[in-house]
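User: I'm new to this one. Can you walk me through it, piece by piece?

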Amino acid sequence: MFSRRQFIHIGAGAAVTAALAACSSKTGSSTADVTAGTSEPSTGAPSSGASPASSSAPTSTAVTAPPVSSAPDTTTVSSVISPSTNGRTLVIVQLNGGNDALNTLVPADGRYRDARPTLAIPEADLVALTGVADWSLHPKLAPLATYWDAGTAAFLPGIGFGDPDHSHFVSLDRWWRADDLSASTGWLGRSVGADSTAPLYATALGSGAPLLRSDAFQAAVVIQPDSFAFPVGLSEDALRGLTTPVSADQLHALAQRSMLDAIGAVDAFAGLLDPAADAGDDVSYREGGLDLIQGLDLAARLVTSNVGARIVVVSVGGFDTHSNQLATHDALLDDLAKGIDAFMQKVAAAGASDKTLLVTTSEFGRRVGENASGGFDHGAGGLSMMFGGAVIGGIHSEIDLGDQLDGDVRPTLDPRTMYTACLDWLGLDPVVALGQRYDDVTLLTA
Amino acid sequence: MDDRAAVSWIHRRAGFGLAPADLDAAVARGPAAEIEALLAADAVSAAVAADPWNDADLPIDIKDRQAAIQSIKTWLDHMTATSTPLVDRMAWLWHGHFVSALDKVKIARLMVDQVRLFRSAGLGSFADLLHAVTIDPAMLLYLDGTDSTGDHPNENYAREVLELFTLGLGTYTEDDVKAGAAALTGWRVRRGQGVAEFVARRHDDTPRTYLGVDGVHDVDTVVAAIMGNEALAGSIARMLAGEILGTTDDAVVAPLAATFAASNFDIAELMRATLEAGVAGPSQPIVLGPVPWLVIAQRVTGAGLKGRVLLTGLRTAGQVPMTPPNVAGWPSGAAWFGSSTVVARATLAAAVAAGAPADNPARHAADADALDVLAAALGLPSPTFGAASSAALAAAAPGVERLALALCTPEFVIA
C-alpha cells in the first residue's frame, strides 16, 4: 500500500521507486498533501453567440448503449509497447481546484436555476449547442462551439469516481492513480514502457504531474518555460560530469539521473522557446506561474515540433471558487476557451488534428447549490471535455439533478472510461494502467 | 554520527546550515549543547524580536507587487543572515503547513503578519498556534472564513483544518466539517485595516457535536475539541518527523507523539525530542527544497542574491516563499529532482558562486584543488565528495564554476 502522502507529495513527475519514495521527506501518513499543479488564468472578454445549425451537428445527450466490440485495433499488443510508434499526442489540461461543471456545460433544468438564484448563468447569455436542447455552454466558451459544430468536441458531464470525497487531495489522488491506491505510479506513467527515451516524451507544464509518475522514466517538468535553460557560468558538460559513475546510494543515483534527464530536456526544449519572452523579476498573484493560454501555447509548440512529445500535461489552478465565482469563473473559462481554440488552430495548421487529442480534467465538480460567499463548495460529479480529430462529437453521459448525492451531482461516468479511450488511442494497453478495460462508452474513433 | 556530522545534520535540517567558522565553533560545543542553544528561551525570544520587516514598506494594499517582492526578499535575506535560525526555520515549516498564499490573500502585509505569527508562536503551545492561525487575517482570506456566516457557512477552512492542518483524513466525518464550519462563522477581515474582527450577528452560536465533543459553538471550543482528539499528537509528530528526520515510521513517530502529548503540546519539546532522535539514529536522507537549499548555499558562501535572478530562479525551481502552489503546501522529496528544479538550481548556484566574496573559505577552497577542504567549508556532514562529484569537481574550472558545481552535487542537495 502506498499512502496518499507518499504518492502525492513526491508527485512532480519524478521517476521514483517505492523504495526511494520512502526517502522523501513527507511520507507515510494518511493525511493528504499534494503537489498538484497551479496557476490561474485571467482576463475577460464577453460574447455569447449561439452556434448556427450545421449539417454535421452531432447527436446529443446521453450514454448510449455500450458498444459491444469497441476494442480498437491498437490495444492488445503487450504490456510494454513502443510508445512512440503511432505518433499521436495526448494533451491533458488539469483544472486544479474543482471546476464548476454546472456553470461550464449548463443543463436546461429548472432545478439548476432554483439552486443557483444568483449564480446561474442567465439563459439569454448561454451559447447553444447545435442539435441539443438540454445543454448549453457558458458564454465564455463560445469559441468552442466551432468544434462542436465540426463534430470534434465531446462533453462528459457527471464524470467522477463512485463514493466521492470532498477532499481535493483524495479526489486528485484517485484521478492520478486511477483509483488504485496500491499503485506507486500514475495511470499514464505506468502505461508507458522504459523505451520512451525522448527527453520530452512526457512533459508536465506549470507544475509536476503525479499522473505521469513511473518507475521506468522521468517526465520533464517545465514550470517556467522562459527560464528553462542552464546558466552561462555552469556548463552542461560540467553538470553532466556529476552523473558518472552512478552512485550505489539510491537517492544519489536518482539525483544523477535527474540531472541527465534535465540536460536532455533543456536541449530538446531550447528550440521551442520564444527568445522574446522575458520572465521578469516578478511575483505571481496567481496560483503558480503558468497561465492557461501560455501553457496551451507551449503545448501546441510541443505537439507541432519534432521533439517526440507524446504526453503533455498542462496544470493550471484557480478553479476552487468558494467565493466570488462569477467573475473568477468567467475569467478562467475565457482563458480556457481562448487557449483551447488557439491550440486547436495551431495543431490544425500543422496538419496534426488527427494525431492530437486534448482532454480536460478536474478533481470534482462543485455543489449544485450556491453558498453565501458567491461561490460553491466542493462537490462530486464534474465535467471533462475532449477535442480532436478522433473525438466522436457529442455529450456522452448524463446527470440527474432530481437524484442528487447530498447536494452534489451524482457521478455517472467513471473517469477510467475516458482513460481507456485515451490509452487505446495512444496505442497503450489500458489493462496495464487500469487492471481492466472500461469501455462502456465509445468516445474516440480508432 | 560523529560530532561534526551531527552538528552539520542539526543545522542543515533544523536551521539553514552554518558558515564554516560557525560550524567549527558549534562542533566544539557538541550536538547536545547545540540543540539546547537553538531552543534556549532567551535566544528564541531575541530571534523573534528581531523582526526583519518594516511596516512602513508594507501598506495594506491589494496587489502591491513591490511590497510582495520586498516582503519575500526581506525574509530570504534574514534567513541568510540570522545567527538564530531555528525561529525562521520553524516559521518556514509552519508556512508550508498552515498554508496561505499571496494569490488569494493579495495583501503582502497580511502574509508577512502571518509569517510573524509563525515566528512568534512557532515554538510555543500548539493550541495557541492553532487558535491564532484560525482567526489570522491571511488565513481568513485564503480559506474563506471571512465570507462564512451563520446563514451560509463556508466549509473551506473547516475541512482543511482537519484534513491537512491537524488530525488527518479518516479521523473525522462530513458532519464534523459542517459543525466546524458553523462554529467558526462570524469572523471577517476588515478590509483596509487588515485585522480580523468577530461580528456576532454573522455567527451561528448553536452548540453542536464536533469530533465527538458536545457543545462546540465557537473558535475556542473548536480548538479545544481538536486539541483533545487522540489523533493530534501523532499527526503533528509525524509531520515534523517527515520534515526533520525524513521518516514517518511509526516506531520513530510514536515516542515523539507521546513526548508531544505529555508536554501539553509544546512544540519546542516536540522539536527537541525530534532533534535528539535524529542525532541518535533514525534519520533518513531528505532532498532540500529550493528555499532551504538556496539559503544554506548563501550562508556557506557568503553570497546574497539580489535582483531578478533570485525570484525568477526560485519560481523556476518551484518554490517562492508566500506563494505555495495550493493549500497542501509545497511538494517534497524527489519532487525536487524534477527537471525544472534541477535547471533552476544550476542557475541559482551559478549566481551564488559568482557572488561569493573571494575570502570566503568555500570560494577559496574552490580555487585550490583540495576537495576535502571544499566539502568541509560547505558544511557537509561527510568529509568528502563521492566518486562522481569528485571527478566532476576536479575537472571543473577552478573558482566560480567549481563552487557552483559543488552546490549542485547530490552531496550538497541531499541533507
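User: Start with chain A. Of its contacts between residues at least 6 apart in sequence, what share joins residues at least 24 apart?
Analyst: The share is 78%. Keep in mind that this is a predicted model.

User: How many helices and strands does chain A have?
Analyst: Chain A has 11 helices and 11 strands. Its length is 446 residues, and 62% of them are buried.

User: Tell me about the eight-stranded sheet. What's the strand order?
Analyst: In chain A the order is β7-β6-β8-β1-β9-β10-β5-β11. The sheet is open, and its pairing is mixed.

User: Which strands stand at the edges?
Analyst: Those are β7 (220-222) and β11 (394-395) of chain A. Each has a single partner strand, so one side of each has no neighbour in the sheet.

User: And what packs on that sheet?
Analyst: Helix α10 of chain A, residues 415-426, packs on it. The helix touches β1, β5 (153-159), β9 and β10 (382-388) of chain A. Its direction makes about 160° with that of β9(A).

User: How do β1 and β9 of chain A pair, parallel or antiparallel?
Analyst: Parallel, over six bridges. Strand β1(A) covers residues 89-95, and β9(A) covers 356-361. Within that pair, A:V91 stands opposite A:L358.

User: There's a three-stranded sheet too. What's the order there?
Analyst: It runs β2-β4-β3 in chain A, as an open sheet with antiparallel pairing. The edges are β2 (105-107) and β3 (127-128) of chain A. Each of these two has a single partner strand, so one side of each is left without a neighbour in the sheet.

User: How many bridges join β3 and β4 of chain A?
Analyst: Two, in the antiparallel sense. A:V127 has A:L137, in β4(A), as its bridge partner.

User: Switching to chain B. What do β1 and β2 of chain B form?
Analyst: A hairpin, with four residues between the strands. In the turn, B:G192 has a positive phi of about 85°. The strands, residues 187-190 and 195-198 of chain B, pair in the antiparallel sense over four bridges. One bridge joins B:R190 to B:V195.

User: Now the core. Which residues touch the most other members of the largest nonpolar core?
Analyst: A:A299 and B:A349 do, in a core of 275 residues. Helix α19 of chain B, residues 339-355, gives this core its largest share, 11 residues.

User: What is B:A349 in contact with, beyond its neighbours in sequence?
Analyst: Leaving aside neighbours within four places, the contacts are A:L234, B:A297, B:A404, B:L407 and B:C408.

User: At what angle do α7(A) and α19(B) pack?
Analyst: About 90°, with the axes 9 Å apart. That makes α7(A) roughly perpendicular to α19(B).

User: Which residues meet there?
Analyst: From α7(A), they are A:S258, A:M259, A:D261, A:A262, A:A265 and A:V266. From α19(B), they are B:S339, B:V342 and B:V343. Six residues of this contact are nonpolar, two are polar and one is charged.

User: What about B:S389, buried or exposed?
Analyst: Buried, because 25 other C-beta atoms lie within 10 Å, and the cut-off is 20 or more. B:S389 lies in helix α22 of chain B, residues 387-395. Apart from neighbours within four places in sequence, B:S389 is in contact with A:L242, B:T409, B:P410 and B:E411.

User: How far is B:S389 from B:C408?
Analyst: The two are 9.4 Å apart, C-alpha to C-alpha, and 19 residues apart in sequence.

User: What phi does B:K106 have?
Analyst: A positive one, about 70°, although B:K106 is not a glycine. Its place is the loop between α7 (102-105) and α8 (108-121) of chain B. B:K106 is partly exposed, with 18 other C-beta atoms within 10 Å.

User: And B:M322, what's its phi?
Analyst: Positive, about 75°, and B:M322 is not a glycine either. B:M322 lies in the loop between α18 (308-317) and α19 of chain B. With 21 C-beta neighbours inside 10 Å, B:M322 counts as buried.

Key:
Residues numbered from 1 in each chain as written. Chains lettered and ligands numbered in written order. Predicted model: local features only at pLDDT ≥ 70, side-chain atom pairs only at ≥ 80, totals over all residues. Core = buried A, V, L, I, M, F, W, Y, C linked by C-beta atoms within 7 Å. Buried ≥ 20, exposed ≤ 12 C-beta atoms within 10 Å, placed from the backbone. Contact = placed C-beta atoms within 7 Å. Axes fitted to C-alpha atoms, helices over the stretch in contact; angles between N-to-C directions. Parallel < 35°, antiparallel > 145°, perpendicular 65-115°, else oblique. Nonpolar A, V, L, I, M, F, W, Y, C, P; charged D, E, K, R; others polar. Pairing = 2+ DSSP bridges.
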